[in-house]
Amino acid sequence: MFNRLYRNRLNSLIGKVVFAGLLTTTLLASPQLSAKGVYQSGPDFFAEVFAPQQPEAGVLWLNSSIRQQAEKILGRKVLGLRVRYQYSAGKTAWILNEIGKEMPITIGVVIDQSKIASVKILAYRESRGGEVRYPAYMAQYQGASLTDRYKLDQSIDGITGATLSVWAVNKVAALALYYHSQVITQPESTE
Amino acid sequence: MKSHNSSKTNIIWHRRLGLSVFLVLIFLAISGIALNHSPALKLNKTDLSNSWLLSWYGLEKPAINGFKLQDKWLYHNGNNLLFIDNQAVAPCAAPLRSGAKNSQSIFALCADTLVILTEKGELLESFSQLDGLPANVEAVAAVDDGLYLLTDSAVLAFDPNSLALTAIAKTPADLSQSLNLMVPVPESLKQQLEDAGPSISLETLILDLHSGRFFGQYGVLFMDIIGLLVCILSITGLWAWLNRLRQIKQ
């Protein structure tokens with residue numbers, strides 16, 4: 001009698017423990033939402049931001065002074081001798097890459113009258129931190145311009161868990177404003 | 001009496017479980033802390049290229065092949081870098097699929113990106129699928145001063161200044177003679193790449209050990225079981241504590 005009661009109790013306990021274990025394992029093992037993806041191609045981005053106008057293609061050659069300043073803004077070496085952009089009536093659009101944590105984030109930035117008109121993530125390759133692409137976050141950049149110290153003049157609220165991606169977007173936004181200023185002051189050079 | 005026996009059994013099992021998992025738990029705690037501070041500990045920057053480890057991960061030192069472009073060798077180190085004659089010139093995702101040179105520039109087709117370099121090997125820019133490079137480009141060919149991108153069924157004339165692509169009335173077979181063939185690079189260049197090739201970061205290794213993936217499916221299953229045992233351990237511990245409280249009250 002005693003043994004049966006004891007066994008029943010033990011079986012019940014084991015049943016509960018196994019259920020709790022399975023529940024924990026299931027919760028821990030649930031796949032994390034992936035943030036990876038290419039959301040828009042470069043040509044589509046340019047077509048969208050300049051519609052219904054047809055933008056013209058420009059090339060900014062990175063001479064030593066531009067490169068030096070660009071490297072200060074990014075805090076790393078800048079690769080490539082030239083940067084392409086599209087423009088129309090004082091408005092320029094740039095597609096730039098910057099590493100978030102480990103992978104490059106492709107970011108489209110539109111500058112109008114030396115202020116940011118819009119920022120958009122075109123491709124996000126990290127597995128986490130993709131919240132930066134949400135329109136609510138991107139809207140913070142609208143109207144930002146460059147200070148004398150080549151920083152954005154608006155404070156941008158961070159996102160928990162996406163700090164590095166936020167920094168990357170901030171740097172690219174500042175860099176696009178700087179490139180824009182160079183294009184406006186020095187007439188666009190073409191080959 | 002019944003309660004006392006049950007409590008005793010519970011404590012025995014608690015001890016057994018604790019003894020079974022404590023080493024793994026200590027490892028999981030230390031590796032978890034290390035992973036949490038990976039950037040500070042530079043775990044992701046520490047590359048391991050031990051041959052046993054590489055073979056465990058199914059990686060092999062790549063055969064270094066490249067393209068002889070007139071007097072220059074264009075090749076890839078198997079580790080995301082493009083080289084011209086011993087100089088790392090640009091990032092280049094593996095595999096390096098094609099290479100060509102005209103009078104002004106050097107072109108390298110790296111996975112899905114066309115890398116454009118000056119004649120001296122300075123990176124001009126990278127033209128990727130996101131910028132409008134067709135997805136099915138298989139090779140790049142320079143004929144006289146014209147530059148062509150070859151897909152499986154079509155040939156596109158490519159203007160490296162404007163990045164414009166124009167379909168032309170030729171087939172890939174027409175230009176097959178103009179393609180540079182991939183050949184093994186000379187030993188002298190290969191020697192310089194001894195340190196290159198695949199590697200595993202210390203962060204990856206610790207993460208794979210932490211999750212059990214290092215030992216394949218059975219490793220993951222093992223870690224799952226450890227997870228379950230830890231849950232049971234917590235419950236038996238809690239139960240033992242409650243029993244003791246009850247006994248004290250009685």
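## A tour of chains B and A

Start in chain B, where a hairpin of four linking residues connects S11(B) to S12(B). Helices and strands here are DSSP runs numbered from the N terminus (helices are H or I, at least four residues; strands are E, at least two). This is a predicted model, in which local features need pLDDT of at least 70, side-chain atom pairs count only at pLDDT 80 or more, and totals for chains, interfaces and linings use all residues. Residues are numbered from 1 along each chain as its sequence is written, while chains are lettered from A and ligands numbered from 1 in the order in which they are written.

**Stop 1: the strands of chain B.** Select S11(B), residues 146-150. Four of its five residues are buried (20 or more other C-beta atoms within 10 Å of a residue's own, placed from the backbone; 12 or fewer is exposed, in between is partly exposed). Tyr148(B) stands opposite Ala157(B).

Next, show S10(B), residues 139-143. It pairs with S11(B) in the antiparallel sense over five bridges. Here Tyr148(B) is the bridge partner of Ala141(B). Two residues separate S10(B) and S11(B) in their hairpin. Click Asp144(B) in that turn: its phi is positive, about 50 degrees.

**Stop 2: the sheet of chain A.** Switch to chain A, with five helices and six strands. Its open sheet runs S1-S6-S5-S4-S3-S2, with antiparallel pairing. Which strands are at the edges? They are S1 (37-38) and S2 (56-61), and each pairs on one side only. Select S4 (residues 91-99) and S5 (residues 104-112) of chain A: nine bridges join them. Ile99(A) has Pro104(A) as its bridge partner in S5(A).

**Stop 3: the cores.** Which residues have the most contacts inside the largest nonpolar core? Select Ile107(A), Val109(A), Val172(A), Ala173(A) and Ala176(A). This core has 42 residues (a nonpolar core is a set of buried Ala, Val, Leu, Ile, Met, Phe, Trp, Tyr and Cys joined through C-beta atoms within 7 Å). H5(A) gives the most to this core, eleven residues.

Zoom in on Val109(A). Leaving aside neighbours within four places in sequence, its contacts include Trp94(A), Leu96(A) and Ile116(A) (contact means C-beta atoms, placed from the backbone, within 7 Å). Another core, of 38 residues, lies apart; among them are Val115(B), Leu124(B), Ala142(B) and Val185(B).

Notes: Two strands pair if DSSP finds at least two bridges between them. Two residues are in contact if their C-beta atoms, placed from the backbone, lie within 7 Å.
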